[in-house]
Amino acid sequence: MAKVPVQFTLNGAEKAEFIDSGTTLLHALRDKIGDTSPKGGCHQGTCGACSVIIDGELRLSCLTLAETCNGAAITTTSGLSQGGVLHPLQRAFLDAFATQCGFCTPGMIIAAKVLLDHTPDPSRDEVVEALSGNICRCTGYEPIIQAVLTAARSNSQNAA
Amino acid sequence: MALALQNFSTVKDANAALKAAGTRYLGGGTLVVRAANEGDVSVSSLIRSTEPALSAITVSGSEVRIGASVTMAAIARHPDLTSLSHAARAVGGPAIRNMATVGGNLFAPAPYGDFTVALLALEAVVGTDDGEVPIEAFLAKRESNHAIVTSVDFSLPVDGGFRFLKVSRVKPKGVSVLSIAAVLEQAPDGTVSSAHIALGCMADRPMRAKAAEKALLGRKLTSDGIAPALAVASDGTSPITDPIASAWYRNEVLPVHLGRLLLA
Ligand SMILES: Cc1cc2nc3c(=O)[nH]c(=O)nc-3n(C[C@H](O)[C@H](O)[C@H](O)COP(=O)(O)OP(=O)(O)OC[C@H]3O[C@@H](n4cnc5c(N)ncnc54)[C@H](O)[C@@H]3O)c2cc1C
Ligand code: FES
Ligand code: FES
């Protein structure tokens with residue numbers, strides 16, 4: 001299997017790796033680079049657990065080939081806390097009991113982050129729509145939706 | 001996963017590489033990488049072209065050209081394509097829409113292909129390096145297509161002339177029970193002067209509801225006016241059966257949803 005060079009920034013840090021051509025980004029991140037925050041749930045595009053942000057857009061790392069990400073800026077959940085302080089979304093998920101087994105949580109937080117980056121003060125419907133590609137089997141969604149709305153409110157208060 | 005990706009800067013070179021056995025074009029990868037993850041070993045090599053025209057949307061007057069690599073998300077946010085944004089938003093959740101391309105949607109088997117249903121009602125023309133083919137003819141033979149689709153071209157319908165409906169069980173992003181697109185023109189007296197209706201999930205690929213189109217001509221968009229069209233809505237259909245709905249159910253509910261779309 002041909003090895004190909006891949007270079008991108010991951011949570012602001014330069015990464016350069018040789019990977020097998022055809023490797024998914026999920027596989028490259030978890031098994032090669034060691035960022036295990038994106039989870040492999042279905043590998044089918046259905047669960048959203050592997051969600052990452054690529055150049056500002058929500059994408060599924062299980063369906064993205066790593067070598068198509070050359071030169072891209074990639075953000076995962078592990079890049080959100082700063083200096084040991086949780087991101088407001090992470091804090092809100094904990095406070096609202098929006099995480100139970102936690103498997104869906106990184107993908108949920110990433111999907112919510114993209115929403116809040118573009119729409120800082122979303123309606124409930126906008127939150128539901130933004131999370132519609134992510135499956136959670138534990139919390140029943142409502143605490144998750146509340147957590148995202150709470151994080152949005154705390155953000156807008158910080159900005160005010 | 002035994003896959004290798006080959007990148008080409010031109011469609012011409014990518015087309016040449018695609019002739020080798022075991023190769024497949026990579027659009028957004030939402031179906032082809034998924035198949036590889038599932039263990040489909042029929043594909044050993046993926047081909048991709050990064051030619052900029054593939055990612056361009058060009059609108060001049062009412063004429064539109066969408067490059068095959070344009071994503072559903074890009075269509076949904078394009079200021080000149082607001083009449084189609086609803087159809088583009090019908091495809092998957094937000095992450096899927098950021099990846100799913102127009103080119104890939106043309107090849108998506110039922111229950112997928114929602115945006116292609118819209119393109120079929122718009123009588124789009126599918127472009128390759130070898131020339132252009134009307135979408136209906138393209139869809140009929142898509143399995144034997146070995147050339148990279150480069151674009152789709154169509155004319156924007158008159159204001160309010162395009163209608164689209166996706167029926168799903170899981171809101172807001174479940175797959176289709178069925179989808180319907182209609183491009184309608186009406187004479188000043190309100191009678192239908194032209195009707196193009198396309199259906200998704202009513203066969204293994206998007207199809208035209210030709211009997212219903214014919215039955216609408218000269219009729220008004222009232223309950224009585226559309227009744228003959230609804231009576232023949234299922235003519236020629238051969239719906240899929242999947243975990244979402246049986247073929248029987250799809251045939252039963254088609255006239256109901258077509259009626260709602262026409263009276264909307
Ligand atoms: C979770 C999930 C939900 C989905 N929901 C929907 C939905 O609601 N509605 C819907 O319509 N679809 C849905 N899909 C299916 C799919 O995402 C879309 O149909 C999408 O448009 C396919 O495009 P792609 O670029 O990802 O295709 P790819 O996977 O890249 O390609 C699909 C096929 O088309 C061929 N191909 C792609 N581009 C070209 C080209 N330019 N020239 C020649 N051949 C080409 C490929 O070789 C391959 O055989 C869903 C998929 C998933 C995983
Ligand atoms: S692992 Fe990627 S969507 Fe489920
Ligand atoms: S918390 Fe367990 S799947 Fe969501």
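A cavity, as I use the word here, is a set of points on a 1 Å grid over the protein atoms alone where a 1.4 Å probe fits but cannot get out, and its lining residues have an atom within 4 Å of a point. Volumes are the space filled by probe spheres set on the points, with grid points joined across faces, edges and corners.

Ground rules first. This is a predicted model, where local features need pLDDT of at least 70 and side-chain atom pairs count only at pLDDT 80 or more, while totals for chains, interfaces and linings use all residues. Residues are numbered from 1 along each chain as its sequence is written, chains are lettered from A and ligands numbered from 1 in the order in which they are written, and side-chain values use heavy atoms, with hydrogens and water left out.

**Cavities**

I get four cavities of 30 Å³ or more. I find 14 residues lining it, and Leu60(A), Gly133(A), Gly93(B), Ala95(B) and Ile96(B) lie nearest its centre. Helix α5(B) gives the largest share of that lining, three residues. By class I have six nonpolar, seven polar and one charged there (Ala, Val, Leu, Ile, Met, Phe, Trp, Tyr, Cys and Pro count as nonpolar, Asp, Glu, Lys and Arg as charged, the others, Gly among them, as polar).

The second largest cavity has a volume of about 40 Å³. Among its lining residues I note Tyr112(B), Asp114(B), Cys201(B) and Arg205(B). Both α7 (114-121) and β10 (176-186) of chain B supply at least two residues of this lining.

**Strands in chain A**

Helices (H or I, at least four residues) and strands (E, at least two) are DSSP runs numbered from the N terminus; two strands pair if DSSP finds at least two bridges between them. I looked at β3(A), residues 51-54: Ser51(A) and Ile53(A) point one way, Val52(A) and Ile54(A) the other, and all are buried (under 20% relative accessible area, 1.4 Å probe, protein chains only). Side chains in a regular strand alternate between the two faces of the sheet.

β3(A) runs antiparallel to β4(A), residues 57-60, with four bridges joining them. Ile54(A) sits opposite Glu57(A). Their hairpin has two residues between the strands, and Asp55(A) there takes a positive phi near 45°. β3(A) also runs antiparallel to β5(A), residues 73-75, over two bridges, with Ile53(A) partnering Thr75(A).

**Sheet in chain B**

I see an open sheet of three strands in parallel pairing, order β1-β3-β2. Its edge strands are β1 (4-8) and β2 (23-25). β2(B) meets β3(B), residues 45-49, over three bridges, and Thr23(B) stands opposite Ser45(B).

Methods. Buried < 20%, exposed > 50% of the residue type's maximum accessible area, 1.4 Å probe, protein only. 1 Å grid on protein atoms, 1.4 Å probe; cavity = no way out; pocket = protein on both sides within 12 Å on 5 of 7 lines; lining within 4 Å.
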